[in-house]
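User: I would like to learn how to read a protein model feature by feature. Can we work through one together?

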Amino acid sequence: MSDITLYTWPTPNGIKASITLEELNIPYKTEGINISTNVQKEDWFLKINPNGRIPALLDGKQRIFESGAIMIYLTDKYDTDRKISYAPGTPEHIEQLSWLMFQMGGLGPMQGQANHFRLFAGVRSDYGINRYVEETERLYSVLEIRLNESRYLAGSKYTIADIANYSWVRSANSLEIDLAEFPALNKWVDEIGKRDAVKKGVNVPDIGRTPEQMAEFFKGARAKIDGMTNTDKH
């Protein structure tokens, strides 16, 4: 039995944990952490995640923080049927771990910086925008190559490696990246997005914003950046 509380917000990293929980059909409670209010920096939360970031998870008295660690923990402990993971020691498990770390160390940080400079920065930096958007597109091309040779990232089965990368790629349109330029990746995103557990997991917690409202939000954020003067020094 589980006694899980997930502390989260519907960001790319946040939904990695909630989708995993939904896929495994594990009962859990949710505590919404509105990151715009900096509640994640309060002392009570830092006892759960010393880094002050979401998601974080308590399973009884056991704390787990960092989204990749949460996904590994949940599959190690609860995915006994290997529904969304491969057994440790198998070649597929190593591939799964490699693509999970690809997201943790590459796609997440790079697309996160692209989001910052293109959507949320207090100043405009053409250099920052170009560098990180282009690097995000390069990483998409790496996924495209893999998905042209394999249905899923780790092999023939959908795993946490797919969940982790999907959670970021699904928001490509916020950066005006056209996934039609990556046909295999686009097909993969579309297929994963139709899963019932994914539909539930991307709305944890439900903050009441429709996809259309989110699109308008990102459009306004880009327009705000576009209205700024470039601060790069040449």
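User: Which residues have the most contacts inside the largest nonpolar core?

Analyst: A word on the source: this is a predicted model. A core is a set of buried nonpolar residues joined through side-chain atoms. Here the largest one has 53 residues. Leu74, Tyr140, Val169, Leu185 and Trp188 have the most contacts inside it.

User: What does a second, separate core include?

Analyst: That core has nine residues. Among them are Tyr7, Trp9, Val39 and Ala56.

User: Now the overall layout. How many helices and strands are there?

Analyst: The protein has nine helices and four strands. In sequence order the pattern is β-α-β-α-β-β-α-α-α-α-α-α-α.

User: Why does the radius of gyration agree with a compact globule?

Analyst: The idea is to compare the model with a rule based on chain length. For 234 residues, a compact globule would come out near 17 Å. The protein has 18 Å, so the two agree. For the extents, the C-alpha trace spans about 55 × 45 × 30 Å along its principal axes. Of the 234 residues, 48% count as buried.

User: What share of the contacts comes from residues 24 or more positions apart?

Analyst: Take the contacts with a separation of 6 or more. Residues 24 or more positions apart account for 70% of them.

User: How do I read a helix pair? At what angle do α1 and α3 pack?

Analyst: Two packed helices are described by the angle between their axes and the distance between the axes. For α1 (residues 12-24) and α3 (residues 67-78), the angle is about 10° and the axes are 9 Å apart. The two helices are therefore roughly parallel to each other. From α1, the contact uses Asn13, Lys16, Ala17, Thr20, Leu21 and Leu24. From α3, the contact uses Ser67, Gly68, Ile70, Met71, Leu74, Thr75 and Tyr78. By class, that is seven nonpolar, five polar and one charged residues.

User: What is the angle between α5 and α7?

Analyst: About 80°, with the axes 7 Å apart. Angles of 65 to 115 degrees count as roughly perpendicular, and that makes α5 roughly perpendicular to α7. On the α5 side sit Tyr140, Leu143, Glu144, Leu147 and Asn148. They meet Pro183, Ala184, Leu185 and Trp188 in α7. The contact has seven nonpolar, one polar and one charged residues.

User: Is Lys187 buried or exposed?

Analyst: Lys187 lies in helix α7. Its relative accessibility is 62%, so Lys187 counts as exposed. Lys187 and Leu147 are 40 residues apart in sequence, with 9.3 Å from C-alpha to C-alpha.

User: And Glu176, buried or exposed?

Analyst: Glu176 is exposed, with a relative accessible area of 53%. It lies in the loop between α6 and α7. Beyond its neighbours within four places in sequence, Glu176 is in contact with Arg118 and Arg222.

User: Now the backbone. Which residues does a cis peptide bond join, with omega about 0°?

Analyst: Ile54 and Pro55. Pro55 is in the loop between α2 (43-46) and β3 (56-59). The bond from Val204 to Pro205 is cis too, with omega near -15°. Pro205 is in the loop between α8 (196-201) and α9 (211-226).

User: What is the phi of Asn38?

Analyst: Phi is near 65°, a positive value in a residue other than glycine. Asn38 is in the loop between β2 (28-32) and α2. At 44% relative accessibility, Asn38 counts as partly exposed.

User: Where is Arg82 found?

Analyst: Arg82 is in the loop between α3 and α4. Its phi is near 55°, a positive value in a residue other than glycine. With a relative accessible area of 24%, Arg82 is partly exposed.

Conventions. Residues numbered from 1 in each chain as written. Heavy atoms only, no water. Axes fitted to C-alpha atoms, helices over the stretch in contact; angles between N-to-C directions. Parallel < 35°, antiparallel > 145°, perpendicular 65-115°, else oblique. Contact = heavy atoms within 4.5 Å. Nonpolar A, V, L, I, M, F, W, Y, C, P; charged D, E, K, R; others polar. Core = buried A, V, L, I, M, F, W, Y, C linked by side-chain atoms within 4.5 Å. Buried < 20%, exposed > 50% of the residue type's maximum accessible area, 1.4 Å probe, protein only. Rg over C-alpha atoms; globule rule 2.2 N^0.38 Å.
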